[in-house]
Amino acid sequence: MYKRIQEITGRKASSKSGCIKSKDGSIIIKKDTKLERWSEYISELFDDDRNEDLNLQGIPEGPEIMREEVKNTIKNMKTGKGTYPDMISTEMMQAIEGIELDAITKMLNTIYDTGEIPKEMLQSIFITLPKKQDATDCEQHRTISFMSHMSKVLLRIIMKRIRNKVYKEISDNQCGFIEGKGTANAIYILRQIIERTLEVNKDLYVCFIDYTKAFDRVRHEEIITFLQ
């Protein structure tokens with residue numbers, strides 16, 4: 001529905017990012033200086049001042065990753081995605097079986113048990129997309145990243161295990177980050193409510209709470225405390 005509205009009205013999302021502002025508000029034009037500013041912004045965005053030596057004592061280890069978990073995860077991954085930075089595509093992983101699949105399962109279990117991740121799997125290439133035209137502040141951009149598909153396999157396995165524990169604790173009102181319950185549905189319902197109140201000439205009070213980068217700023221020490 002939203003796609004058709006955009007086609008009819010001729011509205012198109014801006015996909016270009018020109019000048020950006022530095023911390024002091026001055027305009028940055030040079031490419032090298034812009035890259036430095038983006039590096040500074042993203043470093044601050046994901047920095048939680050955490051202690052590198054987190055206290056993980058008392059947290060039980062999970063069961064080892066099974067071969068079928070790896071196989072099903074790779075099978076259900078979307079294809080046609082960018083392969084940066086290691087150039088290993090989902091299609092390549094979906095084509096393997098037998099000994100190669102056993103080798104991937106063994107490698108993922110080694111990472112899972114030791115917590116040591118190869119640096120190639122930790123690299124990401126960030127892409128910035130402006131939320132509106134003529135966006136100059138870094139905060140006015142979405143930051144998405146190309147990451148290793150092998151990393152995604154490990155993360156999806158862990159996320160699936162977590163979801164099995166967490167779903168029963170989530171409210172029915174939660175939209176977004178829940179399968180089959182996107183924020184587009186909530187926005188549509190809200191628009192319907194607004195239209196109904198206008199039709200009967202009633203007041204409507206809506207409260208929006210904007211958590212700045214709520215899903216980017218993660219306090220790891222506090223999460224560990226909650227888990228314990």
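Predicted model: local features only at pLDDT ≥ 70, side-chain atom pairs only at ≥ 80, totals over all residues.
Local features were taken at pLDDT of at least 70 and side-chain atom pairs at pLDDT 80 or more, whereas totals for chains, interfaces and linings use all residues. Residues are numbered from 1 along each chain as its sequence is written, and side-chain values use heavy atoms, without hydrogens and water.

With rings of Phe, Tyr and Trp (its six-membered ring) paired if their centres lie within 6.5 Å, the count comes to 1 aromatic pair. The ring centres of Trp-38 and Tyr-41 are 5.9 Å apart and the planes stand at 75 degrees, so the pair is edge-to-face (over 60 degrees; under 30 would be stacked and the rest tilted). Both residues belong to helix α2 (residues 31-45), 3 residues apart, about one turn of the helix, helices being DSSP runs (H or I) of at least four residues, numbered from the N terminus. Trp-38 and Tyr-41 are both buried (under 20% relative accessible area, with a 1.4 Å probe and protein chains only).

Thr-73, placed in helix α3 (residues 67-75), is likewise buried, at a relative accessible area of 13%. Beyond its neighbours within four places in sequence, Thr-73 is in contact (heavy atoms within 4.5 Å) with Val-153, Arg-156 and Ile-157.

The axes of helix α5 (residues 99-114) and helix α7 (residues 149-166), as lines fitted to C-alpha atoms over the stretch in contact, come within 11 Å and cross at roughly 65 degrees. The two helices α5 and α7 are therefore roughly perpendicular to each other (65 to 115 degrees). Residues making the contact include Ile-104 and Met-107 of α5 and Val-153 and Ile-157 of α7.

Key
Buried < 20%, exposed > 50% of the residue type's maximum accessible area, 1.4 Å probe, protein only. Axes fitted to C-alpha atoms, helices over the stretch in contact; angles between N-to-C directions. Parallel < 35°, antiparallel > 145°, perpendicular 65-115°, else oblique.
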